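Hello,

Please find the structure below. My notes on it follow.

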Amino acid sequence: MLASHFSYSCTTKKIRTLEGKFIFFLMKLPLYQVDAFAKERFSGNPAAVCPLEDWLPDSTLQAIALENNLSETAFIVPQNGGYHLRWFTPAVEVDLCGHATLATSHVLKQHLNDGSKVFRFFTRSGELQVRCEDDQYIMNFPALPSAAIDPPQLLVDLLGKVPLYVSKRMDYLVRLESQEEVEEFQPDMSRIAQLDARGLIITAPGRKVDFVSRFFGPQSGVPEDPVTGSAHCILTPYWAQETGKTSFHARQLSKRGGHVWCELKEDRVELRGDAVTVMVGEMWI
């Protein structure tokens with residue numbers, strides 16, 4: 001890793017106000033946009049990655065994420081031979097994000113000259129590791145199994161019927177009968193936003209893959225997420241319980257779409273995916 005890649009410039013100027021003098025800081029930050037869980041640009045899930053030397057105020061991080069207006073912006077600061085990693089949607093900071101972690105690993109490898117075979121990230125969800133194998137990235141995340149519950153009436157009203165299965169962890173997980181049902185589902189974002197969870201996952205067996213899904217998180221500032229790595233921490237143990245398998249090829253059926261290869265390893269889930277850089281630039285704040 002080259003320290004210069006984490007540097008940013010800061011210029012100050014004095015602006016006189018009616019109340020006196022005010023110092024306004026202009027800061028130039030490096031910014032990368034990466035399509036995660038994608039081999040080709042303009043597919044998968046776009047994430048912004050912003051490397052920092054030290055943490056900026058949380059309000060500034062949130063403002064940057066809102067300005068980027070992507071489902072996630074990742075911020076990293078070097079720490080203890082790894083990186084402190086945080087994720088922000090345009091509305092809130094979140095506890096776990098897969099695609100922005102994958103995007104961050106891609107930036108470290110392809111743009112910041114970090115030759116590590118394994119990246120260590122210190123996050124709200126504990127230490128996460130990402131291995132680099134050829135042109136893919138393998139994320140080691142916590143498995144998040146959840147037990148079946150009776151569906152709340154709001155969820156039944158959303159779906160128009162009682163689903164085959166419902167559970168709740170950080171998200172509601174709903175099993176539908178077919179891939180066609182997942183594809184044809186018309187979300188009512190105002191109702192989904194009333195659910196007492198981060199978001200809603202709907203899933204079913206896939207025609208050409210093991211299972212398919214969609215994710216909706218309007219309460220987190222993400223109406224429909226293109227590809228949601230963290231949701232597969234819930235999906236993988238569910239489908240392992242249903243099928244007796246531990247390895248899966250999954251596809252998220254958003255408009256952009258994306259593929260995730262999942263493997264359950266005891267209390268962990270490994271998520272494998274590709275990434276491609278779309279933009280490299282600077283942000284002035």
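Is L85 buried or exposed? L85 is buried, with a relative accessible area of 1%; buried means under 20%, exposed over 50%, and partly exposed in between, using a 1.4 Å probe and protein chains only.

This is a predicted model, in which local features need pLDDT of at least 70 and side-chain atom pairs count only at pLDDT 80 or more, while totals for chains, interfaces and linings use all residues. Residues are numbered from 1 along each chain as its sequence is written, and side-chain values use heavy atoms, without hydrogens and water.

L85 belongs to strand β5 (residues 82–88); helices (H or I, at least four residues) and strands (E, at least two) are DSSP runs, numbered from the N terminus. Beyond its neighbours within four places in sequence, L85 has contacts (heavy atoms within 4.5 Å) with residues including F75, T101 and F122.

The structure has 20 salt bridges, each a side-chain nitrogen of Lys or Arg within 4 Å of a carboxyl oxygen of Asp or Glu. One of them pairs E270 with R131, with 2.8 Å between the closest N and O atoms. E270 is in strand β17 (residues 268–273) and R131 in strand β8 (residues 126–133), 139 residues apart. E270 is buried at 9% relative accessibility, whereas R131 is partly exposed at 28%.

R207 and E180 also form a salt bridge, at 2.5 Å between the closest N and O atoms. R207 lies in the loop between β12 (200–205) and β13 (211–217) and E180 in helix α4, so the pair ties together parts 27 residues apart in sequence.

Regards
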